[in-house]
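Colleague: Hi, I'd like to go through this model with you. Please keep it simple.

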Amino acid sequence: MNPAAEERRRNIRAALVGVGLIGLLLALSARLYSIQVRDNGKYRAMALGQHRKIRDLPPYRGDILSSDGKILSRSVTVDSIYAEPGRLVERDLTLGFLSEVLDLRRAEHRALARRLADPRRAKFAWVKRRVKEREARKIRALRIKGIGFRKEWRRMYPLGKLAGHVVGLAGVDGNGLSGIELAFEDELRGVEGFREYEADSRGRGITTEDTLEIAPCPGLNLYLTIHSQIQRATEAALDGAFKRWKPVGAWAIVVEPGTGRVLAMASRPGFDPATPGVAPTDHMRNRVLTDYYEPGSTLKPIVAAMALQAGVVRPEEAFYCENGAWRYRGRTLHDHHPYGRLSFPMVIIKSSNIGMGKIGLRLSPRLFSESLARLGFGRRTGIRLPGEARGKVTSLRRWSYYTSTSVPMGQEIGVTALQLVMAYAALANGGDLFQPQILERLVDHRGREIYRFTPRLRTRAVFSRRVAREIMTPILVRVVEEGTGKKARIEGIRVAGKTGTSQKLEGGRYSHRRHIASFVAFAPAEAPELCVLVAVDEPKGAHYGGTVAAPVVREILFKSLAFTKAKEKGRAGGTASATGGEDEE
Amino acid sequence: MKLSHYLILLAAAIIFGLAAVYQRVEVVRTGYGITDLLRERARLRETKRKLEVYRLREENPETLLRRAKRFGIELPENLAAPLARSRSVRRDSR
């Protein structure tokens, strides 16, 4: 072959290869341009999606604690087990194993089998949520393919049922459903954070300089005014009464008269907040707040003090009690015992309905109604707990002579236990009506106090100091020492109180079978530290407040005073004693 | 430039490259370590919270009484005294 032709052909071939290579390079450059420049955003997002992960960081829900620092409610994380049914190798075997370890009942086992076989749930199906630690440990140890774990919150109640009605319930998602949990949801919830980080091909997080973390802000810890020991004493006493008298319900409240701080609040029947589904809804009612009832004779000292305060009666006056039956404007009032003339104190000590009716008539309807309103009856106290009832007070428009004689003996008026105990607290502290306080302070997760709640006066001087301390308190002490409240006596401690036995309405008439037995007291009478109300709804076997409720109050006072300042002053050395007390009120 | 110069430049580039890769590997390894430590810290915090709950539950008088009863232990005199005293006084006075 001609060398020149050979040379030319080679050059042509080289040129073709060169052109081909250049073309290839151009094509590559174009593709590179397309990936790096034109579609940069799209691929960048895809890459970021694979490597950068964002994880929400849920905040700790705040704790609820008693005033003495005991945790009443706290959130902890627990394991929940899920399955990816599509990845399960030996479904039946796994099912059997899970069922055994998790101690599933037959119905639960069948439900789980259905969930695992459901093609719509091929990627995710709950096996069991919030399992016990040892169950999770056992299952985790086996590393079953297709079985995974997720952390979920669970509200724990280390002191069990204690103050369950006050603390309330939090739902599956950690949101408050009742009680303090609901009332202070915003304070407890906290603020969610997030973490944006780089992850490897297996999804494991790598902390780098690009990692961005906004830490969650835990909820505030709430310190209640509830004292765990006083609450325990109150609940134990109430449980004792519940066992002894088999009532349909019972409730008790303990407050500090000088501040309005609620130290204990209990309601029966109760429930265990750890297993709320077990108890009927009715058991979750905090009767101290939600139920209003006719207070019966426990209202007499309040009305008597109102009359004294208005200046319509004098403490040295006497009232003719008509020997047990008094017909007034077509209605006959009765006393349990026939009395002739009774002095003002004896009307209360003997709990005379007729005497109180006559005192009530001295108050004009307007004055009577206004005085009740000043004491907070017919209005919510503003305790900031959900479900509080207003109670029921006859409006001035409907007020009648009947009302003026009924209300003084605790009929034709509906009060909540909280309203009544606060009115007694006003008598105990010298006349100031406080707003009941349930929250003491808010503390952040580092222990710094964010806010401290201070006692709040609702109405200053609803009673004068003379009326409350010099006239009414000695009368109430005599009720306990020589009247219907003898079973509340505590040796060495002067208790002031009043019994109440109210008939419940049955078909529009007062029942002779269904009663509410109650007792309200404060002690020590000379410098009251505690004010206690106990009410027992439809007790069986007895129905007088002096028989049913007074011993409960005595037990609460006796145990609780040991935890107040009385202990320091050496007053707690007294012994409880109870004598007599079968008098009717 | 001589071939040796090119080789030196190449070696330097390789060394720099390896150093960069080593540094990156170290960053990733430390990143894993930090992540693990953070996770461990969270776990320990959680354990502490759970233990506090556990301690309170165990300290709860009801739990102690239940447990004592299970073992057949009687309520100590100093705990039972106030209640017993109040009951005996009531009985005597009748």
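Colleague: Where is Lys132(A)?

Modeller: Lys132(A) is in a loop of chain A, between strand E4 (125–128) and helix H5. Helices (H or I, at least four residues) and strands (E, at least two) are DSSP runs, numbered from the N terminus. This is a predicted model, where local features need pLDDT of at least 70 and side-chain atom pairs count only at pLDDT 80 or more, while totals for chains, interfaces and linings use all residues. Residues are numbered from 1 along each chain as its sequence is written, chains are lettered from A and ligands numbered from 1 in the order written, and side-chain values use heavy atoms, leaving out hydrogens and water.

Colleague: What about Arg130(A), buried or exposed?

Modeller: Arg130(A) is buried, at 17% relative accessible area; buried means under 20%. Arg130(A) lies in the loop between E4 and H5 of chain A, and has a positive phi of about 55 degrees although it is not a glycine. Most residues other than glycine have a negative phi.

Colleague: And where is Glu538(A)?

Modeller: Glu538(A) is in the chain A loop between E25 and helix H18 (545–548). Its phi is positive, about 55 degrees, and it is not a glycine either. Glu538(A) counts as buried at 13% relative accessibility.

Colleague: New topic: how many residues of strand E23 in chain A are buried?

Modeller: Eight of the 11 residues in E23 (residues 496–506) are buried. E23(A) runs antiparallel to strand E24 (residues 509–523) of chain A, joined by 10 bridges; strands pair if DSSP finds at least two. Ser502(A), for instance, has Ile516(A) as its bridge partner in E24(A). Two residues lie between the strands of this hairpin, where Gly507(A) takes a positive phi near 60 degrees.

Colleague: What kind of peptide bond joins Ala523(A) and Pro524(A)?

Modeller: A cis one, with omega about -15 degrees. Pro524(A) is in the loop between E24 and strand E25 (530–537) of chain A.

Colleague: Last one: how many helices are there in chain B?

Modeller: Chain B has three helices and zero strands, and 13% of its 94 residues are buried.

Notes. Buried means under 20% relative accessible area, exposed over 50%, partly exposed in between (1.4 Å probe, protein chains only).
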